[in-house]
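Please look over the sequence and the structure shown here before reading on.

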Amino acid sequence: MVVEVKLPKKRINLAELQNIKALLSKNSLHTVCQSALCPNIGECFKRKTASFLIAGNSCTRNCSFCAIDNNKPNALDEKEPQKIADTLKELNLNFVVITSVTRDDLPDGGAQHFINTITAIKKTLPECKVEVLVPDFKGDINAIKTVCNANPDVFAHNIETVERLYPHLRSMANYKRSLKVLQTAKELGCLVKSGIMLGLGETAKEVLTTLTDLKNAGCEIVTIGQYYPPQKTSYPVKEKISDEQFVHYKDMALQIGFKSCASGTFVRSSYFAETSYKIATNPK
């Protein structure tokens, strides 16, 4: 069964949005907000926050739920880490999310580029907290260690969906491999985070199993949001999750031990990331 989901439009301050876009364009930077067609782009830009997309704007994988282009990636821009740091300083941010496309074409999957970006930000803005949302690096433990050694404040990797649906949604990824990425980061001392989309055909039992697997892997922060297809050719929505169901899943996550859980229709992995971080690091 396919369900048409039309998310209610959010008010956007066009002047503020254009100012941020102009700054990003001037520095030749990408944000996942724009590249993945995130519905929160207006709200986040209004708060002068953004999730920066490093290592180019083309992915080597072709997940059926994603809007990011999968043409052949360009060479890495060695100046990008400092350009991001300078942009953050201009925006006067104190928390930033750094993510990337999957770069299976690179020997380290782009791990060193993450380090360079974290290092540039910390040097330029010492008080700025940095959350990284990384690909699976094809399970390369050394790549994961490389990123963790740069001391990000949050290490995130999204599980995205339940194990049964991986062949349909993430054919080039592996559920257990993603759990191992998270477990490795936890063992290296990172604050670990992940996210899952709902409405793809999963059952409530499968959601609970996935949340339990994430918790057992060491996750302390989790996000749960409604999937909607960014393009007509994307994987179709199978169910509209109700507000009551989102509350139920949040209660479930907190009951099994997560320190922070954001759950709702508009929630994406980096949505109010700073708030989730503060909740996880300053428990009542």
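**A covered strand and its neighbours**

Strand β5 (residues 154–156) and strand β6 pair in the parallel sense over two bridges, where pairing requires that DSSP finds at least two bridges between the strands. This is a predicted model, in which local features need pLDDT of at least 70 and side-chain atom pairs count only at pLDDT 80 or more, while totals for chains, interfaces and linings use all residues. Residues are numbered from 1 along each chain as its sequence is written, and side-chain values use heavy atoms, with hydrogens and water left out.

Pairing and connection
- Together with helix α9 (residues 204–216), β6 and β7 make a right-handed β-α-β unit, meaning that, with the strands pointing away from the viewer, the path from the first strand over the helix to the second runs clockwise.
- Helices (H or I, at least four residues) and strands (E, at least two) are DSSP runs, numbered from the N terminus.

- Seven of the seven residues of β6 (residues 192–198) are buried, that is, under 20% relative accessible area with a 1.4 Å probe and protein chains only.
- Val-192, Ser-194, Ile-196 and Leu-198 point one way, whereas Lys-193, Gly-195 and Met-197 point the other way.
- In a regular strand the side chains alternate between the two faces of the sheet.

A loop residue
- Thr-161 lies in the loop between β5 and α7 (166–169), and Thr-161 counts as buried because its relative accessibility is 1%.

Key
Buried < 20%, exposed > 50% of the residue type's maximum accessible area, 1.4 Å probe, protein only.
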